[in-house]
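Good morning, and thank you for joining this group meeting.

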Amino acid sequence: MPLPADPDERFQQYAHPERLVSASWLSSQLGVYGLKVIESNEDPLLYNIGHIPTAINIDWQRDLKDPYSRDFIDAEAFAKLMREKGIERTDTVVIYGDKYNWWAAYTLWVFELFGHEDVRLLDGGRDSWMAEERDTAFLAPTYPESSYPVPERDDATLRALRPTVERASTESTATLIDVRPHDVYTAETPAEPNHGQKSVLSPGHIPGAINRVWRDAVTTTGHFRPADELREGFEDLDRDRPVITYCHLGDRSAHTWFTLKHLLGFENVRNYDGSWSEWGNIVQAPIAVGEDPEGSES
């Protein structure tokens, strides 16, 4: 049975306030039956130097990626992971992480791909919790193995694959949003320093994509901005038109996907997890540079 939503007044301005929790609410609920807390970071070592009490660690590379192909684990493997972590299908899952919840949003998105009904994001993430000097733990908790059933993975509704992105670019079937920094979008900066280990051969952006930097959705403390400020950044978007977000690996674009879908109420939003690390390495892929959303092909 899902836990009651966080009644924090700040969240009531959003389309789906039940998808966010505050640090104070989570602190008061730790240890409650039916709640599972997950830490999911870009830096997997952070969990071991202190985490929210009762939190389980999910490493996106080790736990969520298929070991042989560039894809997610399948439904059987996801159910096995949930059983090993002690997560029941009916549990309320709260996810948080470093880097303003980059990978936490990505992990939440994967949970939604597999249809987990009640999955929420900790507003402010790991950094905010630590900055407030709240309780931390160092030992990983152990839970009895669960009976998580094998779910269906819904790639069609929430995920955009390359053929869909190609149609959006060439036939304008959806709004493409590149959420990377503007200088990377325009190709003024050929590569992102913090993604240097994940090389891409070509700079630029997908032709037709507009630029909305993911970071603009959060404050310096990592908390989401008020709904009216978020709407300002997307006021020119047609709500009846499908939206596809992308970045370098799909992590930051999952953050923007969360902003659009759960905070602003866009109904048809998909994340292109192949993102620029796929598109920028395709032989003869059309690439745009500069300010013009249509760009110039190179």
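I begin with helix 4, which is mostly covered: 12 of its 12 residues are buried. Please keep in mind throughout that this is a predicted model. The buried residues of helix 4 include W102, W103 and W109, together with Y106 and F111. E112, too, is buried in this helix.

Does the length of helix 4 agree or disagree with its residue count? At 1.5 Å a residue, the 12 residues of helix 4, residues 102-113, should span 16 Å. The end C-alpha atoms are 17 Å apart, which agrees. After the helix comes G115, with a positive phi near 75°.

Let me turn to the domains. The protein chain is divided into domain 1, covering 9-132, and domain 2, covering 162-280. To their contact, domain 1 contributes 24 residues and domain 2 contributes 34 residues. Between the C-alpha centres of the two domains the distance is 21 Å.

The size of an interface is often given as the accessible area lost when the parts come together. For domain 1 and domain 2, the buried area is about 2,400 Å², and carbon and sulfur atoms give 61% of it. Which element supplies the largest share of the side of domain 1 that touches domain 2? That element is helix 4, with 7 residues. Across this interface the rule finds 0 salt bridges, while 11 residue pairs are in polar contact, both residues being at pLDDT 80 or more.

E39 lies in strand 2, residues 35-39. Is E39 buried or exposed? With a relative accessibility of 0%, E39 counts as buried. The side chain of E39 makes a polar contact of 2.9 Å with that of R126. Beyond its neighbours within four places in sequence, E39 is in contact with several residues, among them Y47, H51, N57 and Y96.

D118 sits in the loop between helix 4 and strand 5, the latter being 119-122. D118 is also buried, at a relative accessible area of 10%. The side chains of D118 and T92 are joined by a polar contact of 2.5 Å. Leaving aside neighbours within four places in sequence, the contacts of D118 also include P2, L3, R19 and D91.

Finally, the salt bridges. Side chains of opposite charge can pair when their charged atoms come close. The structure holds 20 salt bridges. One of them joins R153 and D71, whose closest N and O atoms are 3.3 Å apart. R153 lies in the loop between helix 5 and helix 6, and D71 in the loop between helix 2 and helix 3, so the pair ties together parts that are 82 residues apart in sequence. R153 is partly exposed at 24%, and D71 is partly exposed at 27%.

R159 pairs with D155, the closest N and O atoms being 3.0 Å apart. Here R159 is buried, at 6%, whereas D155 is partly exposed, at 21%. Which residues are linked in a network of salt bridges? They are D71, R153, D155, R159 and D273.

One further pair is E132 and R134, with closest N and O atoms 2.6 Å apart. E132 is partly exposed at 38%, and R134 is partly exposed at 26%.

Terms used: Residues are numbered from 1 along each chain as its sequence is written. This is a predicted model: local features need pLDDT of at least 70, side-chain atom pairs count only at pLDDT 80 or more; totals for chains, interfaces and linings use all residues. Side-chain values use heavy atoms; hydrogens and water are left out. Helices (H or I, at least four residues) and strands (E, at least two) are DSSP runs, numbered from the N terminus. The expected span of a helix is 1.5 Å times one less than its number of residues. Buried means under 20% relative accessible area, exposed over 50%, partly exposed in between (1.4 Å probe, protein chains only). Domain bounds come from an automatic or database domain assignment. Contact means heavy atoms within 4.5 Å. Buried area is the accessible area (1.4 Å probe) that two parts lose on being put together, summed over both. A salt bridge is a side-chain nitrogen of Lys or Arg within 4 Å of a carboxyl oxygen of Asp or Glu. A polar contact is a pair of N or O atoms within 3.5 Å; within protein, one must be able to donate a hydrogen and the other to accept it, and residues adjacent in sequence count only if both atoms are side-chain atoms.
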